[in-house]
Amino acid sequence: MQRGPAGTFVERHIGGERVRTFAPYPLPPDPGPQITGDRARLHEQALLACGRLDAITMLLPEPDLFLYAYVRREALVSSQIEGTQSSFSDLLLFELEEAAGVPFHDVVEVSNYVAALDHGLARIGEGFPLSNRLLREMHAHLLSRGRGAERQPGAFRRSQNWIGGTRPGNAHFVPPAWEEVEDHMAGLERFIHDRELPFSALVKAALAHVQFETIHPFLDGNGRIGRLLIALILHQEGVLHQPLLYLSLYFKQHRAEYYRLLDQTRNVGDWEAWLDFFLDGVLVTATGAVDTAHRLLALFAEDQQRIEALGRAAANTLRIYQALRTRPLANINDLASRAGVSFPTASRAVAALERLGILREITGRSRDRIYAYDRYITILNEGAEPL
């Protein structure tokens, strides 16, 4: 299909040199993306995979437990794409306020990402619309501390940014001028809320992500907010009751193709090639999330059965185990508090879990010990290892 570029290049003088900024056309593309043939079948498979993921999360006895875990894995992977080197255990240690030895600035960025996503989900849960105001609020959380805190948290940029290169004049891509950002983002917001569009929420999320990344409305944090936008659109549109579909791992594993297709979409308007990539990512990611949920459920059932065989000690040990399922890296004080038992009772339960091989002490210290639910962490850490 001959569609042409997805925007227009505008020559400007920036920093004493001629620069071509790219101003995207409003969404949707004209003509609209073609969802036919193999693409229609892939679209249907992706929707069915989302349905299976939504079904299993609706049936889970503790859906918030999975949300806790997936939000943190997403935070790690999305932040790693931007260059951080934190691990899942680093983040859990940081949240336990035991940050010694972890890469502090990296883990602060990941923690900020968790806060940004939590804020977005809470606001949408209160009925607040997915809007530019909400994106700015999330951005304020994302850059609230650590690297980027001086990069206008919570505000659209008031200067030129660029991607690749050392300045706009030798950059790989230069987004629209800052004076145009408000108008472009207002157009994106109208598109997100347009109920008359002739395509699904999956297609809407795919198009909106490219448009956001093209506008690049913030001085920093655009990639992370742009990836969160996908999950929030699918959640708001009712595709997923629990926002457990995060494409950062897929984008991380296919980084070169991801960036190539963004360029191709902008330069020649090949939205169909981008959609094929995006829909395959949804299919792979949703299927993987369902598999992970099943594996965690099987792990919990197996370990609970082993604990129940302890006899009289089983009741208190199960209380501690339930606390571990919520947060799989903890000290005894934390476990005792969350399980509602005394410190000595928690200590005995932890010792029992160590004997069963469910828990492992990770510090080697005689005091202030920290225990890890290794098999749980291993499952969640798959794909979230630092680059």
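Buried means under 20% relative accessible area, and exposed means over 50%. With that cut-off in hand, welcome to a set of close-up views of a predicted model.

**View 1. H216, a buried residue in a loop.** H216 lies in the loop between helix 7 and helix 8. Its relative accessibility is 13%, so H216 counts as buried. Look at the backbone here as well: phi of H216 is near 50°, a positive value in a residue other than glycine. This residue comes just after helix 7, which is the subject of the next view.

View 2. How many residues of helix 7 are buried? The count is 15 of 15, so helix 7 is mostly covered. From its first C-alpha to its last, helix 7 reaches 21 Å, close to the 21 Å expected for its 15 residues at 1.5 Å a residue.

**View 3. Helix 6 alongside helix 7.** Helix 6 covers residues 178–192 and helix 7 covers residues 201–215. Their axes are 11 Å apart, and the two helices pack at an angle of about 175°. Angles over 145 degrees count as roughly antiparallel, and helix 6 and helix 7 are therefore roughly antiparallel to each other. On the helix 6 side, the contact is made by V181, H184, M185, L188, F191 and I192. Helix 7 brings K204, L207, A208, Q211, F212 and I215 to the contact. By type, the residues of this contact between helix 6 and helix 7 divide into 9 nonpolar, 2 polar and 1 charged.

**View 4. Helix 8 and the glycine that follows.** The 15 residues of helix 8 should span 21 Å at 1.5 Å a residue, and its end C-alpha atoms are 20 Å apart, which agrees. Helix 8 is mostly covered, with 14 of its 15 residues buried. After the helix comes G238, whose phi is positive, near 85°.

View 5. Is H235 buried or exposed? H235 counts as buried, because its relative accessibility is 19%. A polar atom of the H235 side chain lies 3.3 Å from the backbone oxygen of H241. Leaving aside residues up to four places away in sequence, H235 touches L121, I124, L240, H241, Q242 and P243.

View 6. One of the residues touched by H235 is Q242, and Q242 has its place in the loop between helix 8 and helix 9 (248–253). Q242 is buried, with a relative accessible area of 16%. Which residues does Q242 touch, not counting those up to four places away in sequence? They are D54, T57, P63, D64, L67 and H235.

**View 7. Two cis peptide bonds in one loop.** The peptide bond from L27 to P28 is cis, with omega near 0°. P31 is also found in the loop between strand 2 and helix 1. A cis peptide bond joins D30 and P31, with omega about -5°.

**View 8. Helix 11 meets helix 15.** The axes of helix 11 (residues 271–308) and helix 15 (residues 374–381) come within 11 Å and cross at roughly 180°. Helix 11 and helix 15 are therefore roughly antiparallel to each other. From helix 11, look for T292, R295, L296, L299, F300, E302, D303 and R306. These meet R375, Y376, I379 and L380 in helix 15. The residues of the contact of helix 11 with helix 15 divide into 6 nonpolar, 1 polar and 5 charged.

**View 9. D368, an exposed loop residue.** D368 sits in the loop between strand 4 (360–361) and strand 5 (370–372). Phi of D368 is near 55°, a positive value in a residue other than glycine. At 57% relative accessibility, D368 counts as exposed.

**View 10. N333 in helix 13.** N333 has its place in helix 13 (residues 332–339). With a relative accessible area of 53%, N333 is exposed. How far is N333 from G7, C-alpha to C-alpha? These two atoms are separated by 57 Å, and the residues are 326 apart along the chain.

Methods. Residues are numbered from 1 along each chain as its sequence is written. This is a predicted model: local features need pLDDT of at least 70, side-chain atom pairs count only at pLDDT 80 or more; totals for chains, interfaces and linings use all residues. Side-chain values use heavy atoms; hydrogens and water are left out. Axes are lines fitted to C-alpha atoms, for helices over the stretch in contact, and angles run from 0 to 180 degrees between N-to-C directions. Helices (H or I, at least four residues) and strands (E, at least two) are DSSP runs, numbered from the N terminus. Angles under 35 degrees count as roughly parallel, over 145 as roughly antiparallel, 65 to 115 as roughly perpendicular and the rest as oblique. Contact means heavy atoms within 4.5 Å. Ala, Val, Leu, Ile, Met, Phe, Trp, Tyr, Cys and Pro count as nonpolar, Asp, Glu, Lys and Arg as charged, and the others, Gly among them, as polar. The expected span of a helix is 1.5 Å times one less than its number of residues. Buried means under 20% relative accessible area, exposed over 50%, partly exposed in between (1.4 Å probe, protein chains only). A polar contact is a pair of N or O atoms within 3.5 Å; within protein, one must be able to donate a hydrogen and the other to accept it, and residues adjacent in sequence count only if both atoms are side-chain atoms.
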